[in-house]
Structure formats: structure tokens, C-alpha cells
Amino acid sequence: MKIVIGNDHAATALKFEIVDYLKSLGHEVINIGTDTTESCNYPEYGEKVGRMVVAGEADCGVLICGTGVGISIAANKVPGVRAAVCSDTATARLVKEHNNANIIAFGARIVGSELAKDIVKAYLDAEFAGGRHQTRIDLIHEIEKRG
């Protein structure tokens, strides 16, 4: 699987750990986040990851900032993105099964590295359930079309 990852300065160290973890699982990783701790603007990275996922340049995305919230809000402004903040493995699994999230986000100041790895694994191992959940995804797309 090809996974794009983006982060801001608050999440550089955790990003490197997640990149290594994803590669150890056999995934191709595209790192478009900052590689330094110098202050930067998370919306730029959220948008870039969102656009790459929607364009099909990656199968899914991982976003990390201090809380995971700001960067996911930015990504969700890109039509077609369904980014969800996850601070536990149950949510990570359910956002894929029920919401067919194409990007997950979490906070470097909220979760530790081992939990972050577990969150990523739970998300990647889950599959979209379809059925009634597809109806809801279709409704979300209709909202996007109306702007």
C-alpha cells in the first residue's frame, strides 16, 4: 500500500517513528511533512496529503500535529477527503469500517509512539463495511457538492 504522511513541527519525531513502522509492515511511504522542529503551518501539510489521496497518488494518508485536530480540519477542506482524528484503536478501526476514512490523524502531544503504531495498524487492518454505511458516505458527498 502507498501511504502519504504529513506533519508539522510538533510531530516530527513521531512522524519518523511511524514512517519506519509503516515501512517495516511493507508499505511504501511518501513523506511530505516537515523534517525539522522549526515552527511551520500545519494547514499546508493537511491540504497536501488530502490532495494526494484524492488524486489517487496514495491509497490513504496519515496526518500528525500536536493534537491531530488542526491538520485534519485542513485536510477535510479538500473535497473527497474523510480525515478522522483517532486517539484509540477502536476509533481507528471504526472510522475505516463505518466512515471509509481515507486519512487518519492523531496528536503527537496526545498519544505516545506505541499507541500511535497501534492506531495506524488498526486503521490499516480494517475494511470498509459498505451497506448502510455506503449510504451515509454518499450523503456526505452530496453535502460536498452543495458546498
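**Reading the model**

Tutor: Asparagine 7 has a relative accessibility of 0%, so it counts as buried. Please keep in mind throughout that this is a predicted model.

Student: Where does asparagine 7 lie, and which residues is it in contact with, leaving aside its neighbours within four places in sequence?

Tutor: Asparagine 7 belongs to strand 1, which covers residues 2-7. Beyond its neighbours within four places in sequence, asparagine 7 is in contact with Thr12, Lys15, Asn31, Gly33, Thr34, Tyr45, Ile64 and Ile71. A separation along the chain and a separation in space are two separate quantities to read. Between asparagine 7 and cysteine 60 there are 53 residues in sequence, and their C-alpha atoms are 15 Å apart in space.

Student: Is proline 79 buried or exposed, and where is its place?

Tutor: The relative accessible area of proline 79 is 55%; the cut-off for exposed is over 50%, and therefore proline 79 is exposed. Proline 79 sits in the loop between helix 3 (69-75) and strand 4 (83-85). Not counting residues up to four places away in sequence, proline 79 touches Val54 and Glu144. As for spacing, proline 79 and tyrosine 45 are 34 residues apart along the chain, with 16 Å between their C-alpha atoms.

Student: Let us turn to charged side chains. Why can they pair, and how many salt bridges does a search of the whole structure find?

Tutor: Side chains of opposite charge can pair when their charged atoms come close. Searching the whole structure gives 6 salt bridges. One of them joins the side chains of arginine 51 and glutamate 47, at 2.8 Å from N to O. These two residues are 4 residues apart in helix 2 (residues 42-54), and so about one helical turn separates arginine 51 from glutamate 47. Arginine 51 is partly exposed at 46% relative accessibility, and glutamate 47 is partly exposed at 36%.

Student: Which side chain does glutamate 97 meet in a salt bridge?

Tutor: Glutamate 97 meets arginine 93, at 3.0 Å from N to O. Both residues belong to helix 4 (residues 89-97), where they are 4 residues apart, about one turn of the helix. Arginine 93 has a relative accessibility of 35% and counts as partly exposed.

Student: Is lysine 117 buried or exposed, and which side chain does lysine 117 meet in a salt bridge?

Tutor: Lysine 117 has a relative accessible area of 17%; the cut-off for buried is under 20%, so lysine 117 is buried. The side chains of lysine 117 and glutamate 114 form a salt bridge of 3.2 Å, N to O. Both lie in helix 5, 3 residues apart, about one turn of the helix.

Student: How should I describe two helices that pack together? At what angle do helix 1 and helix 5 pack?

Tutor: One reads the angle, the distance between axes, the handedness and the residues in contact. Helix 1 (residues 12-24) packs against helix 5 (residues 113-125) at about 45°, and their axes are 10 Å apart. That angle makes helix 1 oblique to helix 5. The two helices cross in a right-handed sense. From helix 1, Leu14, Glu17, Ile18, Tyr21 and Leu22 meet Ser113, Ala116, Lys117, Val120, Lys121 and Leu124 of helix 5. By class, the residues of this contact are 7 nonpolar, 1 polar and 3 charged.

Student: At what angle do helix 4 and helix 5 pack, and which residues make the contact?

Tutor: Helix 4 and helix 5 pack at about 25°, with their axes 8 Å apart. This makes helix 4 roughly parallel to helix 5. Their crossing is right-handed. Helix 4 contributes Thr89, Ala92, Arg93, Val95 and Lys96, while helix 5 contributes Leu115, Asp118, Ile119, Ala122 and Tyr123. The contact of helix 4 with helix 5 comprises 6 nonpolar, 1 polar and 3 charged residues.

Technical notes: Residues numbered from 1 in each chain as written. Predicted model: local features only at pLDDT ≥ 70, side-chain atom pairs only at ≥ 80, totals over all residues. Heavy atoms only, no water. Axes fitted to C-alpha atoms, helices over the stretch in contact; angles between N-to-C directions. Parallel < 35°, antiparallel > 145°, perpendicular 65-115°, else oblique. Left-handed = near helix turned anticlockwise from the far one by under 90°. Contact = heavy atoms within 4.5 Å. Nonpolar A, V, L, I, M, F, W, Y, C, P; charged D, E, K, R; others polar. Salt bridge = Lys/Arg side-chain N within 4 Å of Asp/Glu carboxyl O. Buried < 20%, exposed > 50% of the residue type's maximum accessible area, 1.4 Å probe, protein only.
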